[in-house]
Amino acid sequence: MSLLQGIHHAAYRCRDAKQTIDFYRETLGMDLILAISEDRVPSTKEPDPYMHVFLDAGAGNVLAFFEIPNSPPMGRDENTPAWVQHIASKVADMDTLLATRERLRSQGIEVVGPTNHELFQSIYFVDPNGHRIELAADTVEPGVLEKLHELADPMVEKWSHSCSTARHAAFLHEKEFFADH
């Protein structure tokens, strides 16, 4: 039995709490659950005023942001490619994914995708803080998840010894990589 019962919340930094709330309300329909603001950090007791906001990400999931005005301006890890760190959320189906893509584009938001991952298809865009957002619609065929589960340990084992691509699950992106051919 797993110790964990789920992710309580995922927290990220934002430049402007109000702008961030407005963006997530307008683009993804997320409601503000609560906001906390203190002059000191409860866990460290450090003096550092902040605004901590919690947004409803659906199905009991919470996405939180901290605005911390006394810290240096936000940046990102320049040694990590922009596509690596992202916030991914599930949508109901492909129709919802495609309709959301069009709605985002009509709001002037640049959207990449859909990208076919075989398990799901995704679109990607960036929030006002520079965080990459992924929306995914499940499209997995029966038996594929079970096959991937069986391949997971051998793939990680190969990677851990060589840091060379473990192509056991290469079938997942064949359609995406060869769609232009």
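Ile33 is found in strand 2, strands being DSSP runs of E with at least two residues and helices runs of H or I with at least four, both numbered from the N terminus. The structure is a predicted model, in which local features need pLDDT of at least 70, side-chain atom pairs count only at pLDDT 80 or more, and totals for chains, interfaces and linings use all residues. Residues are numbered from 1 along each chain as its sequence is written, and side-chain values use heavy atoms, with hydrogens and water left out.

Ile33 counts as partly exposed because its relative accessibility is 45%; buried denotes under 20% relative accessible area, exposed over 50%, and partly exposed the range in between (1.4 Å probe, protein chains only). Together with Leu34 and Ile36, Ile33 forms a nonpolar patch on the surface, with about 230 Å² of accessible area for the three residues together. Patches are made of residues with over 30% relative accessible area and no salt bridge, like charges being joined within 9 Å and nonpolar side chains (Val, Leu, Ile, Met, Phe, Trp, Tyr) within 5 Å. A salt bridge is a side-chain nitrogen of Lys or Arg within 4 Å of a carboxyl oxygen of Asp or Glu. Accessible areas come from the Shrake-Rupley method with a 1.4 Å probe, and for residues only the protein chains shown count as cover.

Strand 2 (residues 32–40) pairs with strand 3 (residues 47–56) in the antiparallel sense over seven bridges, where pairing requires at least two DSSP bridges between the strands. Arg40 stands opposite Pro47 in strand 3. The two strands form a hairpin with six residues between them, and Lys45 in the turn has a positive phi of about 70°. A positive phi, near 55°, is also found at Ala59, a residue other than glycine. Ala59 lies in the loop between strand 3 and strand 4 (62–67) and is exposed, with a relative accessible area of 82%.

The protein chain has four helices and eight strands, in the order β-α-β-β-β-β-α-β-β-β-α-α from the N terminus on. The C-alpha trace spans about 55 × 45 × 35 Å along its principal axes. Of the 181 residues, 28% count as buried. The accessible surface comes to about 12200 Å², and 56% of this belongs to carbon and sulfur atoms. UniProt, in an unreviewed entry, places the feature "domain: VOC" at residues 6–138; UniProt positions are given in the numbering used here, feature names are shortened, and annotations may be inferred rather than shown by experiment. Over residues 6–138 the chain is 19% helix and 41% strand, with the end C-alpha atoms 20 Å apart.

Thr20, in helix 1 (residues 17–28), is buried, with a relative accessible area of 0%. Not counting residues up to four places away in sequence, Thr20 touches Cys14, Phe65 and Asn129, a contact meaning heavy atoms within 4.5 Å.

Pro114 is found in strand 6 (residues 112–116), and the peptide bond from Gly113 to Pro114 is cis, with omega near 25°. Glu118, in the loop between strand 6 and strand 7 (120–126), has a positive phi near 65° and is buried at 18% relative accessible area. Glu118 is in contact with Val140, as are Leu119 and Leu145, leaving aside the neighbours of Val140 within four places in sequence. Val140 is found in the loop between strand 8 (132–138) and helix 3 (144–162) and counts as partly exposed at 31% relative accessibility.
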